[in-house]
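Me: Please take a close look at one part of this structure. Then carry on along the chain from there.

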Amino acid sequence: MKRGFLKTEKASGARSRSFNNLNLTTSVVPLQNAPFNFSPFSRVISRDPYIVEADDRLRGSDSVQFLFFPSNIPTSVFVDTLKNIHTFEKWINQAQRTPPPNSAAPAFAIRGCAGKGLGVFAQRAIRRGELIMAERPVYVSRPGISTIANSGEAFYESALAGLSPDAQRSVLALRNAQPPDNGVGAILGRLHTNALVAKPPFDPSARYLALFPNLCRLNHDCTPNSHYSFSSETFTGRILAVRAIEEGEELTLGYVDLVAPRDARRVGLREKYHFECTCPTCELPEEKLLVSDAKRRVIAAYFARLGGGTKIPADASLEEVKQLIKHAEDDGLVEALSILVVSALRLAKKAKNHHEEIKYVVDGVNWMRILEGNDAPGFCVMAKRLGMEPEELVEVFDCGEPIDYARFKELLERGRKE
Ligand SMILES: C[S@@+](CC[C@H](N)C(=O)[O-])C[C@H]1O[C@@H](n2cnc3c(N)ncnc32)[C@H](O)[C@@H]1O
């Protein structure tokens, strides 16, 4: 998983049609004892739903942003265009949008972690595929607002000012790894250090930036034991275990492209997150490191041939992809595995190797639920296609026995015909 990214965007002179019929005159009232206040340029444009224009100096530009504080999630702010905010508001207010599962009986604890600040640790043994944390974001914004003309940090202060004082403090409590001399303010620094990707329900292919009080505490490892995903169906960030985790183990994510070799990963982490990675993979003895780097390089080269899509390269062979799957397994590269099994099943299908095709379909479905959860819509659809209820299929995967792929042969055929 790559973490969220911040892009820049300049205000342009183009007029926004969203303003045509708005009376934007009400100024905002600061909250008692809250760390942040609205800027004098912020205007309330609606109390119910609670929508604030972040900076009226930007009115008429393409960069103008509105802040929405959903009443049923008083600890969240959604930063977007007015049009998108109205769409989101309708979505969030629908009765069936029940709160997501929360981390009330946590399998994790957040505590100090030598040389890394805080970290997240398993409080008990955790199964592969288990949902460890689920949390709604405290802050979500459309990408491309980091350098809105002349607003800088004041913009972010306004963006947080409508949250409860506790929610504001939860953002300030996040780590800011930016060096003090780089001119990045307190909130933007925390966005750079912590932002994860969120996908708005009205456009799940979009990549928004999100801050979470707990999820943002996971540290990096180049062979992580956990995976972050965002469920746009429940508007929730989730952490799932990608392998069995022992009690006391630190939960980790991959912040950068994990199929890059060690030196490239270290450069990325140094430049963006300002730390030197000393994870077990980076600290492998020279000989083993060369092997690990070589495996990651060939997987990266294959992904370059895939070009970001799933259409297999004309010169790829099943044998080659099987070898890459083995490399990814050796190095615990689960996201890479989930992509490679899709290539493998297509190549097996092309070769009319039905036996192998079924194996990779089933493995792909298993990776899908490990990375996105047993309740992920894609997994539920695939389980039905394999002729099972999702819970039944989870049992098959979790029972600890080797998977009997032959049992899916008929089910898959039947599912295809239906
Ligand atoms: C998203 S935060 C993770 C939580 C953070 N440790 C905290 O105290 O809140 C990212 C920052 O944590 C630190 N960090 C994360 N992984 C690390 C690692 N493997 N080694 C050292 N520092 C790490 C770096 O300062 C990084 O910029």
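Reply: Arg 190 is buried, because 23 other C-beta atoms lie within 10 Å (buried means 20 or more such atoms within 10 Å of the residue's own C-beta, exposed 12 or fewer, partly exposed in between, with C-beta atoms placed from the backbone). This is a predicted model: local features need pLDDT of at least 70, side-chain atom pairs count only at pLDDT 80 or more, and totals for chains, interfaces and linings use all residues. Residues are numbered from 1 along each chain as its sequence is written.

Arg 190 sits in helix H4, residues 186-194 (helices are DSSP runs of H or I with at least four residues, strands are E runs of at least two, both numbered from the N terminus). Leaving aside residues up to four places away in sequence, Arg 190 touches Val 171, Leu 174, Asn 176 and Leu 211 (contact means C-beta atoms, placed from the backbone, within 7 Å). Take Asn 176: 14 residues separate it from Arg 190 in sequence, yet their C-alpha atoms are 4.7 Å apart.

Further along, Phe 235 is in the loop between strand S13 (226-231) and strand S14 (236-241). Its phi is positive, near 55°, and it is not a glycine. Most residues other than glycine have a negative phi. Phe 235 counts as buried because it has 25 other C-beta atoms within 10 Å.

Now compare Lys 352. This residue also is not a glycine, and has a positive phi of about 55°. Lys 352 lies in the loop between H8 and H9. But Lys 352 is exposed, since 8 other C-beta atoms lie within 10 Å.

H9 brings Val 365, Met 368, Arg 369 and Glu 372 to the contact, while H10 brings Gly 378, Phe 379 and Met 382.

Key: Contact = placed C-beta atoms within 7 Å.
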